[in-house]
Amino acid sequence: VLYKLDHPHGPGSVFISWRPGNSTHLATTGCDGVVSIYDRQGEIQERIQIMGLCTGFGWDSDGDVLAMITSNSSTITLWDATTGKKSQIDAGVRDGLTCMMWAKHSCLLAVGTQKGNLALYDHMHARRIPIIGKHKRKIVCGAWSNEGFLALAGDDRILTISTAEGDTRREIALPGDPQDLQFNEMKMEQRIGGENTVSLIVGKMRLFLCNIKDPDNPIDLGFQKVYGPIVTYKWYGDGYILLGFEAGYLVAISTHIKELGRELFQ
């Protein structure tokens, strides 16, 4: 055990994010509206007070910059791991910030808002692009693909696929409220390569898969009612998905087209 932090943010859940690469820093936040940054020995390096509960935080792909947002402000707070300095960026949208995600191979940050707007911030060139009306209601989750596409889902039950410049390429209707959006590769009969599939939980009970090459034919997978709601899921191996359910079940399924949705083990 490297170290143990007892109630670092008071009662309630604690959320963590390790710095990518050498994992020299650990960022934590909770119900006190503070983001704390620790070194590998558990010594506090920085405590950053934000304007309310943190609705999203995370490191850029190189681990140089930690970004954090709150629904009470349109300001993005940045902490530079090299210099230890904090800065604030106006997202350029006049409403609260609800989710954020860094691109996988660049210093490009996407931030969704309460009213369905989108802000793109290029940290390398200190340039921001506010995009009004990306969704009709709150943006709740999103993810970048390795190829630089941005997928977002909102309370309007719409999935959008956009370019790195924010231009919408596709809009797909969802059968329920979305959460936990991810990009990965679904195995097809003819392998194309690259992250071709958006996955997300809908209505807490189903897993929705949408191949961005064939968005008009999404796959909606249901599971046994005894499992209860889906808590989380992870892609692994060669196109497999492991799902964790509220009733304590772990279920693995395949996305290979000939055995799609089949439970491999429970």
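Rings of Phe, Tyr and Trp (its six-membered ring) pair if their centres lie within 6.5 Å; planes under 30 degrees apart are stacked, over 60 edge-to-face, the rest tilted. The model is predicted: local features need pLDDT of at least 70, side-chain atom pairs count only at pLDDT 80 or more, and totals for chains, interfaces and linings use all residues. Residues are numbered from 1 along each chain as its sequence is written, and side-chain values use heavy atoms, without hydrogens and water.

**Exercise 1. Count the aromatic pairs and classify the pair of phenylalanine 223 and phenylalanine 245.**

Step 1. The ring rule gives five aromatic pairs.
Step 2. Phenylalanine 223 and phenylalanine 245 sit 5.4 Å centre to centre, with 65 degrees between the planes. The pair is edge-to-face.
Step 3. Phenylalanine 223 is in the loop between strand E20 (219-221) and strand E21 (230-236), and phenylalanine 245 is in strand E22 (residues 240-245), so the pair ties together parts 22 residues apart in sequence. Strands are DSSP runs of at least two residues, numbered from the N terminus.

**Exercise 2. Describe the interface between domain 1 and domain 2.**

Step 1. An automatic or database assignment sets the bounds: domain 1 (1-90) and domain 2 (94-265).
Step 2. The domain centres, over C-alpha atoms, are 24 Å apart.
Step 3. In domain 1, 20 residues contact 19 residues of domain 2 (heavy atoms within 4.5 Å).
Step 4. About 1500 Å² is buried between the domains, 65% of it from carbon and sulfur atoms. Buried area is the accessible area (1.4 Å probe) that two parts lose on being put together, summed over both.
Step 5. Ser61, Ile69 and Asp90 supply 29% of the area domain 1 buries against domain 2, more than any other three residues.

Technical notes:
Helix = DSSP H or I, 4+ residues; strand = E, 2+ residues; numbered from the N terminus.
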